[in-house]
There are 2 protein chains.
Amino acid sequence: MKDFAFTGGRPDPYTFPTDGLIEASAEALRELGGSLVNYPGDNGFLGMRELASIRFERREDIPLPIDNISITSGSMQALDLVLGTFINHGDTVLTEELTYSGTLGLLRHLKANLVGVPMDYRDGMDIDALERILKDLSRQHIHPKVIYTTPNHQNPTGAILSLDRRKHLLALADEYDLLIVEDDCYGDIDFVPNPTPDSLFKLDRANRVIFVGTFSKILGAGVRQGYFVARPPYHRMIHENRWDAGTSALASAIVASFFKKHLDEHLAVTNAAVRAKCRAVIETLASHVSDICTWTKPRGGLFLWIHLPETTEMDILDMLAAEKKVGFSHGSAFHYQSLPIKCIRLAYAYCHVDDIPEGISYLCEAIRGSQVASVGIAAG
Amino acid sequence: MKDFAFTGGRPDPYTFPTDGLIEASAEALRELGGSLVNYPGDNGFLGMRELASIRFERREDIPLPIDNISITSGSMQALDLVLGTFINHGDTVLTEELTYSGTLGLLRHLKANLVGVPMDYRDGMDIDALERILKDLSRQHIHPKVIYTTPNHQNPTGAILSLDRRKHLLALADEYDLLIVEDDCYGDIDFVPNPTPDSLFKLDRANRVIFVGTFSKILGAGVRQGYFVARPPYHRMIHENRWDAGTSALASAIVASFFKKHLDEHLAVTNAAVRAKCRAVIETLASHVSDICTWTKPRGGLFLWIHLPETTEMDILDMLAAEKKVGFSHGSAFHYQSLPIKCIRLAYAYCHVDDIPEGISYLCEAIRGSQVASVGIAAG
């Protein structure tokens with residue numbers, strides 16, 4: 001029996017460039033050889049930092065400051081290091097009401113006081129609402145430390161923060177003396193040619209933004225090649241909190257060697273594959289549950305967000321989906337207060353595209369079968 | 001002008017197995033391919049854990065519990081995770097009076113109360129002294145949390161904790177309810193065929209020992225492939241503190257693929273090379289400064305520890321050595337209280353063997369030139 005795994009932020013396995021990486025490994029190892037006996041240093045392998053800068057320049061027309069980049073084990077370690085440095089027990093952190101479950105877990109581990117900001121699924125965080133929240137907190141003499149946001153292809157909603165909102169957000173960060181952690185881990189997974197708005201890091205004029213990125217989301221979570229970019233004094237402050245002696249230069253050198261040659265080509269191939277999967281999910285949903293569900297239509301990223309009927313019995317949905325081996329993520333995992341919202345997240349890049357209609361049909365059946373009303377009928 | 005770098009715990013670059021790793025990369029990537037889109041998980045890549053177990057069995061005749069192994073970015077991240085989990089601000093930690101500067105830095109960062117245990121350069125930590133210290137602390141109602149020790153080829157002294165002392169140490173850990181963190185990062189770098197005594201982890205019968213190892217020290221610090229082994233409940237406790245989503249499976253798969261085939265062969269080649277370097281250092285020291293210095297004669301590991309005359313002016317030594325581009329580490333960096341002891345550590349595996357007589361001769365000249373008496377004569 002097939003598995004239909006719509007869980008986890010994994011890229012497409014079928015466009016994984018095995019041959020290209022074998023070639024890149026040989027090239028990187030020939031070039032580095034015995035110099036791999038050296039420590040990579042806290043900043044990590046230079047070639048990888050150059051790659052991060054090239055990737056930024058390709059999107060934003062300006063390079064990144066190479067010395068301010070620090071390579072990490074995926075964007076998750078970057079978040080761990082950055083948030084762990086600035087957030088102490090009880091500090092207030094603002095984020096979209098719906099956001100990445102991993103960051104929420106980390107923030108809860110750090111015992112942060114989480115404040116969710118309303119958002120919409122097209123333009124992202126509602127910055128007017130943020131302003132009201134900041135005013136309100138200020139009245140209570142609460143000074144938030146950090147705003148965590150994913151402006152591009154947000155997880156789980158796929159929202160893209162509009163340029164106006166980005167500018168307004170930066171102005172508020174200035175006014176309220178806040179640090180913004182910009183998680184751009186999905187930035188490169190775009191299905192349309194028109195670019196996302198300028199990054200907060202680029203727009204920032206007041207050293208308010210720490211930028212987090214990764215190459216894992218367009219290649220493989222198993223390669224663990226993320227990074228953060230922080231200007232002084234933040235870079236040093238974060239490194240005072242870093243004790244792993246740096247990220248594998250072996251893995252960095254291979255990934256850098258591959259993408260320095262093949263970034264555009266790989267993005268074209270893998271984004272086309274992921275886009276086709278996203279479409280297959282949407283088409284199947286449309287032909288099965290358009291009468292009872294609504295969902296986002298992402299223009300990039302790895303996730304689709306489904307609103308289920310309020311009558312959905314989540315335990316029954318889990319059971320029925322598990323019977324058909326369909327995996328998905330509960331919406332509550334992405335809610336800053338873990339509210340039991342009647343939503344689910346589908347990660348569409350992992351399943352084979354040909355299996356998607358079958359898997360999503362099963363999911364749709366499970367959704368229908370988990371409506372309290374229909375259970376009542378079945379029982380009656 | 002040549003560099004003579006006797007700094008940093010780096011293995012031999014000239015026996016770095018470039019070709020073998022290129023082959024291993026191709027093999028690992030062909031085998032894994034698209035499955036590298038998956039997260040490695042907190043425990044890390046299975047093949048790497050299997051390798052850690054094979055390595056342990058080769059030395060200790062028993063395998064490691066695979067599910068209790070967690071792959072990390074070098075042994076340094078293992079120490080960061082393990083010590084960071086168990087040590088809170090003000091907790092007392094016992095260690096050899098002289099120990100790894102990285103661990104000392106980490107423990108100071110954690111604001112531990114460091115207590116140094118006397119040691120000798122042959123048999124390691126003086127466990128009778130440890131017992132007296134534990135009694136004394138107990139009288140003061142101080143309950144230490146952790147003993148950190150490097151029983152094999154200790155950094156910086158090369159000491160090997162004797163079997164009797166290992167058994168006594170475990171008995172004391174039991175009596176005083178202590179956790180032992182056993183850092184075996186140099187265990188495989190042995191110049192003689194007779195094995196080091198059984199590891200504390202193997203001898204332990206009361207779940208007192210967390211074992212830390214690495215493949216970086218016999219291959220390259222740049223590969224960052226360390227691990228810890230902790231039995232329940234410690235393994236889970238440490239993972240509750242781990243937020244990097246695991247170590248690069250790409251790097252792990254390559255290193256595991258290489259060592260599963262070539263561990264013995266590589267150790268034979270690289271240990272012979274490192275041994276020749278160690279000998280060259282000792283011979284040069286013997287022919288130049290045997291009248292004023294003493295030094296350890298390591299049977300393994302990467303370090304040699306030199307006692308300088310008490311009349312050594314360390315600033316002048318630094319200056320004279322720097323003029324000839326000879327790098328070494330100050331003894332104070334390895335002292336738990338950073339005392340300005342008149343000792344230096346040489347890491348002998350990095351320099352080319354043919355350059356060692358020249359480099360060490362310069363160092364010996366610098367040692368002679370930095371004696372307060374000789375400065376007096378030169379000035380007078």
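These notebook entries record what I looked up in a predicted model with chains A and B.

**Conventions.** I number residues from 1 along each chain as its sequence is written, and I letter chains from A and number ligands from 1 in the order in which they are written. Because the model is predicted, local features need pLDDT of at least 70, side-chain atom pairs count only at pLDDT 80 or more, and totals for chains, interfaces and linings use all residues; side-chain values use heavy atoms, with hydrogens and water left out.

**Entry 1: relation of the chains.** I superposed chain A on chain B by a rotation of 180° with 0.0 Å of shift along its axis, at an RMSD of 0.0 Å. That is the relation of a two-fold axis. Such superpositions are by least squares on the C-alpha atoms of residues with pLDDT of at least 70 in both copies. I then asked which residue of chain A comes closest to the rotation axis. It is Ala251(A), at 2.6 Å for its C-alpha. I noted that 100% of the interface residues of chain A are also interface residues in chain B, so the copies meet through the same surface.

**Entry 2: H9 against H9.** I took helices (H or I, at least four residues) and strands (E, at least two) as DSSP runs, numbered from the N terminus. Helix H9 (residues 249–289) of chain A and helix H9 (residues 249–289) of chain B have axes that come within 8 Å and cross at roughly 110°. That makes H9(A) roughly perpendicular to H9(B). For these terms, axes are lines fitted to C-alpha atoms, for helices over the stretch in contact, and angles run from 0 to 180 degrees between N-to-C directions; angles under 35 degrees count as roughly parallel, over 145 as roughly antiparallel, 65 to 115 as roughly perpendicular and the rest as oblique. The crossing of H9(A) and H9(B) is right-handed (left-handed if the near helix is turned anticlockwise from the far one by less than a right angle, right-handed if clockwise).

I listed the residues in contact (heavy atoms within 4.5 Å). Leu250(A), Ala251(A), Ile254(A) and Val255(A) of H9(A) meet Leu250(B), Ala251(B), Ile254(B) and Val255(B) of H9(B). By class, this contact of H9(A) with H9(B) has eight nonpolar, no polar and no charged residues. Ala, Val, Leu, Ile, Met, Phe, Trp, Tyr, Cys and Pro count as nonpolar, Asp, Glu, Lys and Arg as charged, and the others, Gly among them, as polar.

**Entry 3: H1 against H9 in chain B.** The axes of helix H1 (residues 18–32) of chain B and H9(B) come within 8 Å and cross at roughly 120°. This crossing of H1(B) and H9(B) is right-handed. The contact of H1(B) with H9(B) divides into nine nonpolar, three polar and two charged residues.

**Entry 4: the seven-stranded sheet of chain A.** I traced an open sheet in the order E2-E10-E9-E8-E7-E3-E4, with mixed pairing (two strands pair if DSSP finds at least two bridges between them). Strands E2 (69–72) and E4 (113–117) of chain A stand at the edges with a single partner strand each, so one side of each is left without a neighbour in the sheet. The twist averages 20° from one strand to the next. Helix H2 (residues 46–60) of chain A packs on this sheet, touching E2, E9 (209–214) and E10 (226–229), and its direction makes about 110° with that of E2(A). Helix H6 (residues 163–175) of chain A lies across E7, E8 (179–183) and E9, running at about 145° to E8(A).

I also checked the pairing of E3 (residues 92–96) with E7 (residues 146–149) in chain A: three bridges join these parallel strands. The bridge partner of Thr95(A) in E7(A) is Tyr148(A).

**Entry 5: the four-stranded sheet of chain A.** A further open sheet has the order E11-E12-E15-E14, with antiparallel pairing. Its edge strands are E11 (294–295) and E14 (329–330) of chain A, each pairing on one side only. Two bridges join E14(A) to E15 (residues 343–347) of chain A, and Ser329(A) stands opposite Arg345(A).

**Entry 6: backbone in loops.** The peptide bond from Pro232(A) to Pro233(A) is cis, with omega near 0°; Pro233(A) is in the loop between E10 and helix H8 (234–239) of chain A. His153(A) has a positive phi of about 50° although it is not a glycine, and this residue is in the loop between E7 and H6 of chain A.
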